[in-house]
Amino acid sequence: YTFAFYSYLRHEEGNKVFYWLTGISAGLAMLAKESSLMLLGILTLYIFSKEKKMFTMHNIRNTFLKILPIAIIAFLFFSIYLVLSYLNPVNVTDNVKETIMQALGIGFNFQGLILLLFWAGPLLLGLFALSLLKYEKKDRLFFIWIFSALIIYLIFIHEGDHSRYFMNII
């Protein structure tokens, strides 16, 4: 996760090698955890929100063209999992599918919010609130990351180990 974001930010500074490292690290993150698919969505929102006129066809096309090579590289690395699953026909995703179907829903999750407040604590939440006062354009990726994770974990996921879900934003 973090290295993919770091490498994309380094790419924006002008280093072209980090563009390809973004795709590689996104693919490796997807191999490690399924929720890393969110990474490509967050990166797409970040690229899309950089322009002043966001909702133009030109910006949509440029965003698509920038994220497409990263997504292709990421899915090529993720395809290692699919090849291994094909070679070994044991269906290891049955439990994952059942867990996802049980945990997903729409509605606000108060248990997740309470666990976030418990694990993050007043110090980290206070520092986050202070950082909102000094918002700079370069912090946009960080805020998109945090708010996307909060929306997904607080609204769509209702069962499971919530303390573990919020660790990527704490």
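Which helix holds N59? The answer is helix 4, which covers residues 57–87. Keep in mind that this is a predicted model.

Start with the whole chain. The protein has eight helices and zero strands. Its pattern along the sequence is α-α-α-α-α-α-α-α. There are 170 residues in the protein, and 33% of them count as buried. The accessible surface comes to about 11,100 Å². Carbon and sulfur atoms contribute 72% of that surface.

Now look at how the chain meets itself.

Next comes helix 3, made of residues 37–48. Several of its residues are buried: M38, L39, L40, I42, L43, Y46, I47 and F48.

Two of those names lead back to N59. Leaving aside neighbours within four places in sequence, N59 is in contact with I47 and F48, among others. The list also includes E51, K53 and M54. Is N59 buried or exposed? Its relative accessible area is 4%, and buried means under 20%, so N59 is buried. I47 and F48, its partners in contact, are buried as well.

Key. Residues are numbered from 1 along each chain as its sequence is written. This is a predicted model: local features need pLDDT of at least 70, side-chain atom pairs count only at pLDDT 80 or more; totals for chains, interfaces and linings use all residues. Side-chain values use heavy atoms; hydrogens and water are left out. Helices (H or I, at least four residues) and strands (E, at least two) are DSSP runs, numbered from the N terminus. Buried means under 20% relative accessible area, exposed over 50%, partly exposed in between (1.4 Å probe, protein chains only). Contact means heavy atoms within 4.5 Å. Accessible areas come from the Shrake-Rupley method with a 1.4 Å probe; for residues, only the protein chains shown count as cover. The expected span of a helix is 1.5 Å times one less than its number of residues.
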